[in-house]
Amino acid sequence: MVVLFCACGAAPYRGEEGQSVRVELPQYSPDEDIVEHMGYTASYNHTTLCPDWVAWELTAEECRGTNEQGRQFSRDPDIEFPKASREDYSNSGWDKGHMAPHAEMKWSLQAMAESDYFTNICPQDKVMNAQAWRKIEDLTRRLALRHGAVYVICGPVYDSVEHRHIGPACVHVPDRFFKALAVRGGEGFNAVGFLVENNRQTGSPRSYAVTVDSVEAVVGRNLFPQLPEAVEAAFDWNDWK
DNA sequence: CGGCCCTAATTT
DNA sequence: AAATTAGGGCCG
C-alpha cells in the first residue's frame with residue numbers, strides 16, 4: 001500500500017470534511033505499483049511495461065511555467081524492474097507517447113525530467129499523438145487556464161488479447177487511449193471523458209468525447225471516486241469547447 | 001510564425 | 001549519458 005501525498009505543491013481540493021482530497025486519483029488496489037512524481041502519479045504495469053493510468057492536477061500557474069529542457073527518456077529509478085527502454089521504441093514505428101505531457105511540466109526542470117520516465121510513456125501512433133491526442137492536450141491546458149485547475153487521468157486500453165508488442169522487452173501496444181477531465185464549476189464539478197483509437201486519428205476533441213461513465217466501463221475502475229456519481233453520467237460539450 | 005508532438009544522427 | 005543539430009507535420 002502506498003500512502004499518497006500531494007507532491008506537486010499545488011493547493012489540493014478540500015472536500016466537505018475539510019480534509020485534503022486528490023480528485024485526480026482513481027480507485028486503485030494495494031497490489032498496484034504506484035509511484036509518485038512531482039507532476040504526476042502513475043500505476044506501472046510490469047506486464048504491459050506501460051502505465052495502467054497516470055493522474056495529475058494541472059493548475060493555471062503550472063501552465064505558465066517557462067523552463068526549457070529537451071526530452072530525456074530514461075528509466076524510472078522508483079520502479080524496481082523498469083523493463084521498457086529507448087531500445088524498445090526506436091525504429092519501432094511507434095512514438096514514445098507521454099501520458100502526462102512534457103509541456104505541462106515547465107514549472108520544474110525535475111518535473112520535466114520525470115515526465116520522460118518510461119513510467120509515463122506508451123507506444124502511440126505518430127499521427128494520433130501529433131494530432132488527435134495533442135488537441136485534447138491543448139484543450140486540457142486551456143481548461144486549466146480558464147478554471148484555475150483541471151484534474152486529469154489517462155492511460156492505455158487493450159481491447160484485443162493478441163495486441164501487438166514492440167522491442168526486445170515486448171512493450172504492449174495499446175488499442176486505444178482514455179482520458180478523463182474534471183473541473184470545478186459554479187455548482188460543483190464537471191467531468192468529461194475521451195476514447196481515442198491508437199491509429200491515424202486526426203479528429204477534434206469533441207469527436208472523441210464521451211461520458212466518464214463510458215470510460216469507466218471500458219477501463220474497469222472508478223476514475224473519480226471523490227466526485228458524485230451524477231457528475232460522471234453526462235456532459236454538455238458547451239462546458240468544454 | 002511559435003509551440004507542440006515527435007524522429008534520428010552526431011558530438012562531447 | 002547528455003547535449004546538440006537537423007528534420008517533419010499540424011495547430012492557433
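(Buried here takes 20 or more other C-beta atoms within 10 Å, exposed takes 12 or fewer, and partly exposed falls in between, with C-beta atoms placed from the backbone.) The model is a predicted one, in which local features need pLDDT of at least 70 and side-chain atom pairs count only at pLDDT 80 or more, while totals for chains, interfaces and linings use all residues. Residues are numbered from 1 along each chain as its sequence is written, and chains are lettered from A and ligands numbered from 1 in the order in which they are written.

Ala191 sits in strand S12; strands (E, at least two residues) and helices (H or I, at least four) are DSSP runs numbered from the N terminus. Setting aside neighbours within four places in sequence, Ala191 has contacts that include Ala180, Leu181, Val212, Phe224 and Phe235, a contact being two C-beta atoms, placed from the backbone, within 7 Å.

Seven strands make up an open sheet, ordered S3-S4-S5-S8-S11-S12-S13, with antiparallel pairing; two strands count as paired if DSSP finds at least two bridges between them. Strands S3 (33–36) and S13 (209–210) are at the edges with a single partner strand each, so one side of each has no neighbour in the sheet. Helix H6 (residues 212–219) packs on this sheet and touches S8, S11 (176–185), S12 (188–197) and S13. The direction of H6 makes about 50° with that of S12; axes are lines fitted to C-alpha atoms, for helices over the stretch in contact, and angles run from 0 to 180 degrees between N-to-C directions.

Strand S5 is largely enclosed by the rest of the structure, because 10 of its 10 residues are buried. Six bridges pair S5 (residues 50–59) with S8 (residues 149–157) in the antiparallel sense. Across that pairing, Leu58 faces Val150, and Trp56 faces Val152. S5 is also joined to S4 (residues 41–45), by five antiparallel bridges, with Ser43 standing opposite Trp53. S4 and S5 form a hairpin with four residues between them, and Leu49 in the turn has a positive phi of about 65°.

Arg164 lies in the loop between S8 and strand S9 (165–166). With 14 C-beta neighbours inside 10 Å, Arg164 counts as partly exposed. Its C-alpha atom is 32 Å from that of Ala191, 27 residues apart in sequence.

Then there is the DNA. DNA strand B is surrounded by 14 residues, the closest being Asp95, Gly97, His98, Pro101 and Ala103; a residue is near a strand if its C-beta atom, placed from the backbone, lies within 6 Å of it. Strand S6 (95–98) and helix H4 (126–147) each give at least two residues to this surface. DNA strand C is surrounded by Gly70, Gln72, Ser74, Ala130, Gln131, Lys135 and Thr202.
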